[in-house]
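Subject: Structure handover

Hello,

Here is the structure I promised to pass on. Please open it first, then read my notes below.

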Amino acid sequence: MSPTPSSAEPSATPPVRPSAASPLRRLPKVPFWAQILAGLVLGVLLGWLARSADVDWLGTGLEKVGDLFVQLLKLAVAPLVFFAIAISITNLRNVSNAARLAGRTLLWFLATSLIAVSIGLAIGLLTDPGAGTGFTPEDGERPESSGSWLDFLTGIVPTDVITPFTELNVLQIVFMAAVTGVAALKLGAKAEPLLAFGESVLALLQKALWWVIRLAPLGTLGLIGNAINQYGWDLIGQYATFTADVYIGCALVMFGVYPLLLALAARVSPVQFFRGAWPAIQLAFVSRSSVGTMPVTQKVVERLGVPKEYASFSVPFGATTKMDGCAAIYPALAAIFIAEIFGVSLGLQDYLLIVFVSVIGSAATAGLTGATVMTTLTLSTLGLPLEGVGLLLAIDPVLDMMRTATNVTGQAVVPVIVAAREKLLDREKYDAATSFNLDDWDNGEDAARPVVATVS
């Protein structure tokens with residue numbers, strides 16, 4: 001006879017939960033924006049220390065950290081752009097009025113670029129950013145790479161399918177992706193396996209890119225610290241007017257033009273837009289990459305009530321062509337700045353050419369950090385010395401943060417406007433949209449959520 005268990009035997013004890021006063025209690029998470037702010041402040045302090053105390057190893061470390069972050073972003077750019085553009089075009093098969101939506105999106109891109117470049121020109125003419133800097137033409141330096149209309153037009157079509165990816169020619173990648181997407185649409189059911197593969201690869205790339213995005217606080221520390229270490233605060237003084245012009249111009253577009261268009265054209269609350277879109281704007285500011293920010297931009301646009309089918313087209317399209325900061329405000333101010341340094345007088349025809357280049361040629365910027373290609377395209381069109389670009393490279397990292405934030409804001413504003421005017425916007429979802437902590441966001445989880453708004 002087997003022994004009966006004694007009531008005195010201990011039963012399975014439940015796991016001990018830490019009490020409120022327990023040191024095992026989980027520490028509160030530091031919000032992503034606070035991590036970025038800490039990286040920014042620490043980067044300034046370490047950069048100042050490296051420069052003032054001549055600490056070579058610290059300066060080298062800051063440079064390597066910043067470069068590594070940018071390299072990781074660029075590593076994802078080529079395949080991300082290809083699959084995002086191709087899949088976004090094929091997603092239009094679910095939209096009955098796809099051609100009209102694409103046309104309206106492009107028209108709003110052009111219209112807002114026209115407004116932005118006009119603001120840039122007006123500010124430049126009022127402030128004379130090149131006056132009193134002390135720079136001379138001898139201070140300039142011709143860039144290693146430049147852009148021209150011939151390069152722009154002939155460079156759209158690649159000579160092979162490998163080089164655009166190895167040399168990161170985003171314009172050619174966009175061309176191949178567009179051709180692939182249109183061909184897949186024409187093939188219909190035969191292309192379904194390819195589309196399923198492409199969607200899986202895109203999700204994989206977005207997941208990998210998210211890991212890079214989470215390194216943004218460290219990247220900010222390195223980029224800002226390296227800029228302070230290399231150039232110091234004196235540089236800001238020399239470029240004070242030009243820097244202020246860029247920031248003021250971008251701020252006027254971001255917080256003046258865009259809210260006005262949202263209120264008048266879309267009939268939605270601008271404050272609510274910024275509440276929902278803020279995660280993408282802050283990430284754009286520190287990453288300096290529209291393409292790198294693209295997955296977050298698409299998420300905030302969908303959270304603002306734009307149908308997923310349309311958002312998945314308009315956001316990648318905008319990330320490679322919609323550049324109000326880098327391709328409109330900045331080239332206009334840069335052209336005036338360089339013309340003043342080199343003693344070249346610009347006339348009405350020149351200003352009209354600046355407007356034309358900014359509105360039509362913005363695809364040359366292609367969502368990467370910096371705006372050198374667009375600037376050289378503008379200068380070559382005006383006949384200004386390309387050596388003037390060298391005068392702006394030192395201050396570029398500081399300016400690029402605000403430019404990219406403006407780019408991404410515009411890339412989110414236009415889909416909201418178009419969706420609202422086409423009566424596709426889920427206004428209840430828009431009104432309920434809130435900001436979210438980037439540190440908690442997971443692309444994979446978001447991709448599985450059902451789409452609330454539908455396109456008819």
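Is Arg 403 buried or exposed? Arg 403 counts as buried, because its relative accessibility is 0%. Bear in mind throughout that this is a predicted model.

**Around Arg 403**

Arg 403 has a salt-bridge partner, Asp 396. Their closest N and O atoms are 3.1 Å apart. Asp 396 is buried as well, with a relative accessible area of 10%. Arg 403 also meets a ring: its charged end sits over Tyr 330, 4.2 Å from the ring centre.

Tyr 330 leads on to an aromatic cluster. Ring pairs join Tyr 330 with Tyr 239, Phe 242 and Phe 337.

**Aromatic pairs**

There are 9 aromatic pairs in the structure. One of them is Phe 109 with Phe 317. The centres of these two rings are 5.5 Å apart, and the planes make an angle of 40°, a tilted pair. Phe 109 belongs to helix α3 (residues 98-127) and Phe 317 to helix α12 (residues 308-321), so this pair ties together parts 208 residues apart in sequence. Phe 109 is buried, at 3% relative accessibility. Phe 317 is partly exposed, at 21%.

Phe 242 and Phe 337 also form a tilted pair, because their planes stand at 45°, with the ring centres 4.9 Å apart. This pair, too, links distant parts of the chain. Phe 242 is in helix α9 (residues 240-266) and Phe 337 is in helix α13 (residues 325-341), 95 residues apart. Phe 242 is buried, with a relative accessible area of 0%. Phe 337 is buried at 0% relative accessibility.

**Salt bridges**

How many salt bridges does the structure hold? It holds 5. In one of them, the side chains of Arg 100 and Glu 422 meet at 2.7 Å, N to O. Arg 100 lies in helix α3, while Glu 422 is in the loop between α17 (396-421) and α18 (427-432). The two are 322 residues apart. Arg 100 is partly exposed, at 43% relative accessibility. Glu 422 is buried, at 13%. Arg 104 joins Arg 100 and Glu 422 in a network of salt bridges.

Lys 322 and Asp 324 make another bridge, with their closest N and O atoms 2.8 Å apart. Both Lys 322 and Asp 324 are buried.

**Two buried spots in helices**

Gly 120 is in helix α3. It is buried, with a relative accessible area of 0%. Leaving aside residues up to four places away in sequence, Gly 120 touches Ile 329, Ala 332 and Leu 333. Gly 120 and Ala 334 are 214 residues apart in sequence, yet their C-alpha atoms are 9.4 Å apart in space.

Thr 293 sits in helix α11 (residues 290-303). Thr 293 is buried too, with a relative accessible area of 0%. Which residues does Thr 293 touch, not counting those up to four places away in sequence? They are Ala 280, Leu 283, Ala 284, Ser 287 and Val 408.

**Helix α7**

Helix α7 covers residues 192-213, which is 22 residues. At 1.5 Å a residue, it should span 32 Å. Its end C-alpha atoms are 31 Å apart, so the two values agree. Among the buried residues of α7 are Leu 195, Gly 198, Val 201, Leu 202 and Trp 210.

Best wishes

How values were computed. Residues are numbered from 1 along each chain as its sequence is written. This is a predicted model: local features need pLDDT of at least 70, side-chain atom pairs count only at pLDDT 80 or more; totals for chains, interfaces and linings use all residues. Side-chain values use heavy atoms; hydrogens and water are left out. Helices (H or I, at least four residues) and strands (E, at least two) are DSSP runs, numbered from the N terminus. The expected span of a helix is 1.5 Å times one less than its number of residues. Buried means under 20% relative accessible area, exposed over 50%, partly exposed in between (1.4 Å probe, protein chains only). Contact means heavy atoms within 4.5 Å. Rings of Phe, Tyr and Trp (its six-membered ring) pair if their centres lie within 6.5 Å; planes under 30 degrees apart count as stacked, over 60 as edge-to-face and the rest as tilted. A charge sits over a ring if NZ of Lys or CZ of Arg is within 6 Å of the ring centre and within 35 degrees of the ring normal. A salt bridge is a side-chain nitrogen of Lys or Arg within 4 Å of a carboxyl oxygen of Asp or Glu.
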